[in-house]
Amino acid sequence: MTENYEDFISTVSHELRTPLTSIRGFADTMLNSWDRLDEDSKKKFLGIIKEQSDRLINMVENILSVTKLHSQSERIILKDIPVRPTVEKVVQLLKTQYKDKNFIVDEKINTPNILADEDKFQQAIMNIIENACKYSNNNDIWINIGFGEDENFVAINVTNLGLGIDERDYEKIFTKFSRIDNPLTRKVQGSGLGLYITKNILEKMGGTICVKSENIDANLSKITFTIDIPSSDIEKQARAKCIQ
Ligand SMILES: Nc1ncnc2c1ncn2[C@@H]1O[C@H](COP(=O)(O)OP(=O)(O)O)[C@@H](O)[C@H]1O
Ligand SMILES: [Mg+2]
């Protein structure tokens with residue numbers, strides 16, 4: 001996807017048109033055929049209108065985030081923050097929305113603090129853990145969140161079971177509006193902007209994100225997203241720079 005402004009506008013308009021067309025279509029049908037429609041159909045059509053409106057709101061919010069990414073006014077405020085409380089806060093929020101999922105947060109490793117913008121870090125973690133909920137099979141309830149560290153970075157790994165991501169798509173999914181066409185993705189709504197935004201905000205903080213998908217059997221894969229974010233241990237960072 002190019003960074004060209006006109007391309008961006010034309011892609012955005014196209015993405016917005018799909019839910020808008022559907023909203024108008026169902027509203028038209030209801031207005032024109034009100035007396036002929038039974039109660040169930042009316043309810044169903046209103047449900048679709050509501051669902052598509054939610055989709056539109058979500059897309060507009062994401063698009064605003066994307067435009068902010070490229071504006072100078074968007075400030076990143078780096079602070080020395082602990083990793084675990086943010087991850088736990090996000091898990092608490094998602095637990096109420098995804099009641100059937102089991103979130104396992106690794107208790108063993110004591111991570112050092114990171115140097116990050118707290119709100120942006122939370123937004124990134126939220127996008128990744130929410131994707132793990134959205135794109136796992138209904139009967140695969142485990143979402144694992146683990147930690148790791150090396151001399152410069154703290155790693156956060158989020159793993160779920162679902163339909164695998166082909167190695168050829170490892171980079172593509174982090175670009176604007178890209179979604180993988182499979183039954184699990186079709187089942188849930190999305191604009192394909194979440195990973196693009198996440199990658200951008202992490203890179204602004206000196207971090208990275210990558211994905212790895214391993215086949216378990218023909219229909220099931222283990223998908224892990226790894227976020228690396230600079231550790232705030234200045235001494236360690238400085239020592240590492242001297243060695244280089
Ligand atoms: N944890 C995951 N497991 C499997 N597929 C995923 C996962 N996270 C993301 N994906 C795939 O990557 C695509 C892009 O994700 P994202 O940018 O967050 O957009 P959205 O969630 O709006 O579709 C998703 O549509 C999905 O196909
Ligand atoms: Mg998403």
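## Helices across the sheet

H4 lies across S2, S4, S5, S6 and S7, and runs at about 20° to S5. This picture comes from a predicted model. Helix H3, residues 84-97, lies across S2 and strand S4 (142-149). Its direction is about 175° to S2.

## The sheet

Five strands make up an open sheet. Their order is S2-S4-S5-S7-S6, and the pairing is mixed. Strand S2 (102-105) and strand S6 (208-217) are the edge strands, each pairing on one side only. From one strand to the next, the twist averages 15°.

S6 and S7 run antiparallel. Nine bridges join them. Val-211 has Phe-225 in S7 as its bridge partner.

## Helix H2

H2 has 31 residues. From its first C-alpha to its last it reaches 45 Å, close to the 45 Å expected at 1.5 Å a residue.

Which residues of H2 are buried? They are Lys-42, Phe-45, Ile-48, Ile-49, Gln-52, Leu-56, Met-59, Asn-62, Ile-63, Ser-65, Val-66 and Leu-69. The cover over these buried residues includes H1, helix H4 (118-134) and helix H6 (194-204).

Lys-42 also lies over the face of Trp-34. The distance from the ring centre is 4.1 Å.

## Aromatic pairs

A pair of aromatic rings is described by the distance of the centres and the angle of the planes. How many aromatic pairs does the model hold? The count comes to two.

One pair is Phe-26 with Phe-45. Their ring centres are 5.0 Å apart and their planes stand at 50°, so the pair is tilted. Phe-26 counts as partly exposed because its relative accessibility is 25%. Phe-45 is buried, with a relative accessible area of 14%.

Phe-174 and Phe-225 also form an aromatic pair. This pair is edge-to-face, with 6.2 Å centre to centre and 75° between the planes. Phe-174 lies in the loop between strand S5 (153-162) and helix H5 (183-187), while Phe-225 lies in strand S7 (residues 220-230), so the pair ties together parts that are 51 residues apart in sequence. Are Phe-174 and Phe-225 buried or exposed? Both are buried.

Note on methods
Residues numbered from 1 in each chain as written. Chains lettered and ligands numbered in written order. Predicted model: local features only at pLDDT ≥ 70, side-chain atom pairs only at ≥ 80, totals over all residues. Heavy atoms only, no water. Phe/Tyr/Trp six-rings, centres within 6.5 Å; stacked < 30°, edge-to-face > 60°. Buried < 20%, exposed > 50% of the residue type's maximum accessible area, 1.4 Å probe, protein only. Helix = DSSP H or I, 4+ residues; strand = E, 2+ residues; numbered from the N terminus. Lys NZ or Arg CZ within 6 Å of the ring centre and 35° of its normal. Expected span 1.5 Å × (residues − 1). Contact = heavy atoms within 4.5 Å. Pairing = 2+ DSSP bridges. Axes fitted to C-alpha atoms, helices over the stretch in contact; angles between N-to-C directions.
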